[in-house]
Amino acid sequence: MGQYLPILALGILATLFALISLIASRLLNPGRPNDAKNAPYECGIVDQVAPPERFPVRFYLVAMIFIVFDIEIIFLYPFTAVYRELGSFGLVSVIEFAVAVFASFLYVVANGALDWGPLKQVRRSGMMVTPSRTSTSTIRRVGQEGREVHVGDEGVAA
Amino acid sequence: MEKLLWIIPAIPFAGFLFLVVFGRRLGDPGAGWIATTAVGGSFLAVVAVFVELMGNDAESRMLHQSVFDWIAAGRFSVGFGLLADPLSVTMCLFVTGVGALIHLYAIGYMKGDPRFSKFFVYLNLFITAMLMLVLGDNLLLTFLGWEGVGACSYFLISFWHEDPANASAGKKAFVTNRIGDWGFMIGTFLVWTTIGSINYLDISEAAHSGRIVGGTAVAIALLFMVGAAGKSAQLPLFVWLPDAMAGPTPVSALIHAATMVTSGVYLLVRLNPVLHEASWANDVIAWVGVITALVAATIAVSQNDIKKVLAYSTVSQLGYLFLAVGTRNYVAAIFHMVTHAFFKALMFLGSGSVIVGMAHEQDMRKFGNLRKYMPITAGTFIIGWLAIAGVPPFSGFWSKDEILAGAWAENKVMWALGLLTALLTAFYMSRQVFLTFFGTEKWREPVTAVHHEASGEGVEESTAAENAHSNDHDHGSHLTPDHTPRESPWVMTLPLVVLSLLALVAGVLNLPFSSGTKHLEHWLEPVVGSHELGVEGSQLVVLAVVAVLCGLIGIGFAAMVYLRGKGSPAAIERAEFAHGWYIDEAYSWFMGGPGRKFFEAVSWFDRTVIDGVVNGVAAGVSATGSGLRLAQTGRVRNSAIGIAAGTVAVLVYVVVRMSV
Amino acid sequence: MILQVLAQIPTDGVTAPLVEESTSRLVTPRIPWSYLTPQLILFLGAVIGVALVALLPKRLPKYLSALATVVLAAGTLVSIVPLWGRVGNAREGAISAWSGAIGVDRFGLFVTALICLAVLVTALFADSYLRREGLDGPEFYLLLMTAAFGASIMAISNDLIVLFVGVEILSISSYVLTAMHARRVTSQEAGLKYLVLGGFASAVLLYGLALIYGATGSTNLLQIQVFLSERVLTSDGLLLGGLGLMMAGFGFKVGAAPFHMWTPDVYQGAPTPVSGFMASAVKTAAFAGMIRVFVVGFGSAAELWRPIVFVMAVLSLLVGSIVSVVQSNVKRMLAYSSIAHAGFILLGVHSATERGTSAALFYLASYTAMALGSFGIVALAARRGEHLQKLSDLRGFATAHPGLALAFALLLFAQSGVPLTGGFIAKLGVIGAAVDQGDWALAVVAMITAVISTFMYLRIIVSMFFVGGGDHGEEPAGFEGPPVNVSWTSMVGLGIVVVATLFLGILPGTVKHWSNQAVVEMVRDSGR
């Protein structure tokens with residue numbers, strides 16, 4: 001086990017360093033918080049809305065398609081180097097793989113992953129419109145749909 | 001043939017299934033014809049088996065079919081097997097034969113009933129269960145049929161359950177039978193622990209090879225006797241059978257006279273190898289039988305309901321069967337069972353015909369001179385009467401005489417009591433016939449004259465079950481003075497005629513003249529073994545003459561009182577007879593008084609101690625669950641920590657276990 | 001290095017094990033395609049299905065995807081029948097193919113058959129469910145096919161790497177299936193949770209796999225077996241660590257405590273037919289993998305891993321039964337009961353005997369039927385908009401829908417182990433196997449928890465059959481909401497599981513016989 005001793009020592013040192021930093025900053029700072037200090041701000045102005053964190057989902061789709069092809073390349077490149085030696089076994093394997101990837105790709109494209117035109121109207125669910133409309137029911141609260149507040153257990157709390 | 005035994009119970013079962021699905025659509029009378037055909041088909045199948053068995057040697061007269069393995073748990077295994085030997089085939093023959101006739105009769109009797117098809121559903125199910133009981137090759141299968149017939153009996157007694165009295169009569173039958181079932185079950189357990197099998201062939205083999213002896217044999221015999229006493233309505237469990245007359249009359253004839261009630265006797269005969277080893281248990285059986293026979297006969301003397309007389313008469317005759325079994329006279333028991341099935345079914349059906357003809361009146365005191373209006377019913381009923389009264393050459397004479405001869409050989413006191421019962425039987429049956437079919441047309445007389453005749457009328461109304469019989473049909477009695485009785489339709493009279501012929505000639509099954517005429521004895525010998533009566537020929541003749549004389553005295557005495565009007569009927573129809581020796585009342589008193597207190601104490605113990613423990617455990621589980629539930633927050637990070645903690649726990653185990 | 005290992009494996013029983021091709025220096029394995037028919041049907045079905053969905057017009061009859069799935073699953077089942085005979089006879093027998101990476105034996109076929117049955121019944125139930133919820137599309141069925149493909153790969157895998165690939169195919173399909181109900185936040189939440197935690201568990205599994213490779217020098221189960229039987233390890237830390245981590249990973253996949261935390265949330269949130277599929281097919285596949293790895297691969301090291309399974313079994317039984325009692329959501333109750341069932345199956349695994357493994361297989365068969373049916377009925381009773389949440393929502397169900405209530409009651413009684421149902425024979429089998437090994441403590445715990453969970457099943461049944469006040473007098477007394485529409489496909493699905501449950505209970509002989517054969521004729525050594 002002797003050969004692992006330096007790693008152990010390094011681990012201990014790293015932990016010590018983190019602990020010492022935390023404790024030191026706690027001990028050294030003056031510790032006088034006020035509201036202004038705690039408020040989040042941007043360029044000196046308290047922000048009115050949460051910063052936008054969403055990107056159009058299409059970016060992700062394209063990125064994922066790219067990854068799939070990336071992986072295919074990773075397989076194909078070494079295969080080309082030894083395909084003679086691998087013979088029919090290698091060929092069948094790669095064809096299998098390529099077919100699976102290509103079928104998936106077909107599906108993704110057919111479902112509009114590469115369409116960059118104007119957004120299609122999202123199909124509305126018929127459940128939302130009820131005959132008895134009130135001011136509360138006409139405003140759709142995003143993210144509340146389908147969430148049961150008093151479901152027996154605490155299961156869906158997160 | 002052996003592979004086709006299953007067809008016998010399968011046909012009525014198919015009829016049952018068919019009627020469950022299509023019965024209501026077929027309605028009246030289609031459903032009845034289907035049911036009758038099913039039972040008739042089953043009868044033909046039994047006849048085929050019978051012919052097959054007749055073709056074999058006496059030693060190999062047995063068919064055994066294992067349909068499938070039913071229960072297999074460790075050493076305990078029960079097959080679903082059917083056993084057709086002379087005994088079970090005899091039973092099957094009259095169960096399906098008489099059953100088919102009664103089905104036919106019921107088509108006429110139940111005409112116009114709103115639940116017509118349901119009635120036949122139950123009847124077919126009953127026949128199926130009865131055949132399982134008889135054909136089953138082990139105790140558990142018999143028990144299945146046993147419970148099946150019990151359940152059907154319950155459904156059918158309370159068939160017109162709109163009247164609470166009918167429903168309570170059904171309940172009474174059910175509860176009383178449970179006591180008997182307890183004996184059956186414990187007996188089965190005991191057999192299993194003793195020889196490790198509950199198959200009849202194994203039981204028989206074990207008994208012959210001396211593995212069931214002494215106290216064990218006595219205990220088994222007594223336990224099964226309790227079971228049989230419940231089903232066959234013997235003292236002290238007979239109270240349910242008279243009340244069971246609340247059911248429709250075909251049910252009384254089929255279930256509560258001819259077939260189901262004899263299954264207790266069948267069970268005992270089936271277990272005859274065990275009884276052979278069970279020394280004094282036989283005496284108990286015989287005494288129970290003879291006392292039941294006598295007590296029931298005395299009660300029958302003072303009944304005014306036409307069906308109640310027959311009900312108590314059935315109890316009394318079943319007592320004879322017990323007497324025969326107790327005196328090891330198994331052939332006589334089966335012989336009398338068969339003849340009794342014929343003439344008692346005949347009389348029940350006849351009484352049903354009378355009840356229909358008399359606008360659903362059941363009180364015999366309002367009948368009279370019906371032979372003028374209902375000649376076929378009267379004629380056939382009279383044949384049944386002569387048969388049960390023991391008048392030669394009718395079938396009842398031969399079979400009863402054999403039982404009494406067996407009793408004579410065993411114990412003279414039993415014989416005397418049996419003879420007394422025979423006398424009473426002749427008397428009360430004659431009373432019934434005279435009141436119903438002879439004399440004046442009493443329903444035309446003013447009502448008041450009838451009603452204050454018998455003593456103890458007021459008390460009779462007190463028990464709910466008593467009321468049950470008086471309105472057999474949902475619309476009760478509409479008997480008016482200007483009523484004119486009419487003969488029943490052919491579907492009802494045809495069974496009467498057939499049964500009366502059988503009641504007339506069934507004696508030839510086992511005539512005591514020579515060995516060659518004892519057909520039934522030779523037929524049953526493979527099952528019950530040979531039995532020497534221990535009575536010589538000349539003695540037999542004397543005994544027979546005495547029995548016939550007794551019967552004639554009974555008839556003559558009844559004729560004197562009820563036809564000639566000499567002597568007071570009230571002096572004979574005593575209150576204690578009318579009340580069935582107050583046995584029912586005694587049960588009610590016990591259950592309402594000391595018994596109730598005891599059961600309340602048990603119930604208290606159950607509530608506080610047993611339930612307390614159980615509830616305590618449940619509360620503990622619930623509390624633990626609530627506690628554990630808190631760990632389940634539904635947050636991903638907590639779940640991840642849980643999984644990580646589990647992994648760490650595994651790794652800790654690894655480190656501990658590791659040998660570096 | 002890996003290629004050298006491949007070259008040493010003397011396998012491929014059908015023809016001469018290794019074929020040297022004249023032009024090549026490498027040795028490639030010969031693949032017995034005919035033995036892989038079930039997997040091929042599932043795989044090609046999924047791939048061709050995806051292509052067809054892309055190419056065909058969108059407006060096709062809605063029933064087409066469900067029909068295709070049912071046909072493919074049935075076809076797979078049919079293809080298993082001749083294989084069952086082939087791998088059973090003496091001439092061909094069980095073989096390990098594809099350089100020993102795959103074991104074609106009756107065990108794999110048995111599990112594959114169960115999975116196909118689960119797919120078939122799930123498709124039958126899902127058809128009306130998806131239409132009702134407005135989710136109808138071929139994607140659900142395609143994912144069902146890929147999941148089944150992954151599961152069947154797990155069933156026949158004889159190599160840890162192949163096993164892991166199967167696990168991942170199955171898991172990723174399940175993640176998406178769980179989140180399939182895109183409009184319901186609970187479904188998406190459940191899918192995300194399952195993804196995160198499942199990824200965590202896969203990582204643990206993979207880490208264990210790596211350690212085992214380090215300890216034994218192979219990922220092939222048969223070689224590991226040989227390695228372990230021929231050597232006495234001076235230091236078994238690496239092996240033990242690998243075993244422990246793999247056990248943790250499998251524990252997660254089968255939903256055994258203490259790795260069960262995801263089960264209630266995911267089962268509750270997932271579309272109900274998917275919950276049924278996860279309780280049946282996913283659990284079956286995970287147990288198949290577990291049995292392959294531990295009972296077969298590490299059979300000689302059983303004393304090392306049995307204590308872990310012991311603790312897992314006891315915890316699963318206790319947690320599953322006790323916590324289920326205090327639940328108020330029907331799907332959560334069934335989820336906890338599935339944890340308890342996992343505990344029972346672990347009883348069979350723990351015994352590490354042929355009898356125990358056979359009992360575990362039988363248990364999986366009967367639980368597949370019971371779980372599919374129970375969740376299927378919950379899916380039907382929930383109606384559009386998931387009206388069935390709390391136990392009290394079931395009140396009056398028996399009056400409104402006596403047939404469904406009766407079937408549900410039967411399936412629940414079966415789960416609690418009432419005689420004449422498959423559940424009874426299954427419980428009898430695993431407890432018997434435990435007693436056989438002298439594990440009285442485990443048997444006693446199993447029996448006690450069976451009683452406790454019976455209480456939970458009875459609660460559901462009581463709430464269906466008894467109308468009235470109950471605990472909260474003010475609550476509505478009847479079965480409220482829109483009427484339940486039972487399509488004929490659901491009826492067929494329900495019929496299959498109910499008949500199967502009763503058949504397994506009354507005449508268990510046939511399936512018992514098959515499960516025995518499945519265990520006896522497993523690929524155990526590389527010699528064939």
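Helices are DSSP runs of H or I with at least four residues, strands are runs of E with at least two, and both are numbered from the N terminus. By that count, chain C has 20 helices and four strands. The model is predicted: local features need pLDDT of at least 70 and side-chain atom pairs count only at pLDDT 80 or more, while totals for chains, interfaces and linings use all residues. Residues are numbered from 1 along each chain as its sequence is written, and chains are lettered from A and ligands numbered from 1 in the order in which they are written.

**Colour by confidence**

Start with pLDDT, the predictor's confidence in each residue, from 0 to 100. For the complex, the predictor gives an ipTM of 0.82 and a pTM of 0.62.

Select chain A. Its mean pLDDT is 75, and 68% of the residues score at least 70. Two residues are in contact here if their C-beta atoms, placed from the backbone, lie within 7 Å. Next, select residues 149–158 of chain A: pLDDT is under 50 there too, and the model has 30 contacts for them beyond four places in sequence.

Switch to chain C, where the mean pLDDT is 86 and 91% of the residues reach 70 or more.

A residue is buried if 20 or more other C-beta atoms lie within 10 Å of its own, exposed if 12 or fewer, and partly exposed in between, with C-beta atoms placed from the backbone. Of the 528 residues in chain C, 62% are buried. Among contacts in this chain between residues at least 6 apart in sequence, 80% join residues at least 24 apart.

Select C:His181, in the loop between α6 (160–178) and α7 of chain C. C:His181 counts as buried because it has 26 C-beta neighbours inside 10 Å. Leaving out residues up to four places away in sequence, C:His181 touches C:Glu133, C:Leu135, C:Ser187 and C:Pro271. For C:Leu135, 46 residues away along the chain, the C-alpha to C-alpha separation is 7.1 Å.

**Chain C: two further loops**

Go to the loop between α9 and α10 of chain C, which holds C:Pro258. The peptide bond joining C:Ala257 and C:Pro258 is cis, with omega about 5 degrees.

Then select C:Leu420, in the loop between α16 (402–416) and α17 (422–436) of chain C. Phi of C:Leu420 is near 70 degrees, a positive value in a residue other than glycine. With 16 other C-beta atoms within 10 Å, C:Leu420 is partly exposed.

**Where chain C touches chain B**

Show chains B and C together. Their contact takes 32 residues from chain C and 25 residues from chain B. On the side of chain C, α7 (185–216), α9 (237–254), α10 (262–269) and α12 (302–325) each supply at least two residues. The most come from α9(C), with nine residues. By class, this side of chain C has 24 nonpolar, five polar and three charged residues. Nonpolar covers Ala, Val, Leu, Ile, Met, Phe, Trp, Tyr, Cys and Pro; charged covers Asp, Glu, Lys and Arg; the others, Gly among them, are polar.

**Chain B: an enclosed helix**

Select α9(B), residues 249–258. Ten of its ten residues are buried, so this helix is largely enclosed by the rest of the structure. The buried residues of α9(B) pack against α2 (86–109), α3 (116–135), α4 (139–157), α8 (240–243), α13 (306–326) and α14 (330–357) of chain B.

Finally, select α7(B), residues 214–231, and α10(B), residues 263–270: their axes come within 7 Å and cross at roughly 155 degrees. Axes are lines fitted to C-alpha atoms, for helices over the stretch in contact, and angles run from 0 to 180 degrees between N-to-C directions. Angles under 35 degrees count as roughly parallel, over 145 as roughly antiparallel, 65 to 115 as roughly perpendicular and the rest as oblique. The pair α7(B) and α10(B) is therefore roughly antiparallel. Residues making this contact include B:Phe224 and B:Met225 of α7(B) and B:Leu267 and B:Leu268 of α10(B).

In the loop between α7 and α8 of chain B is B:Ala233. Its phi is near 55 degrees, positive in a residue other than glycine. B:Ala233 is buried, with 31 other C-beta atoms within 10 Å.
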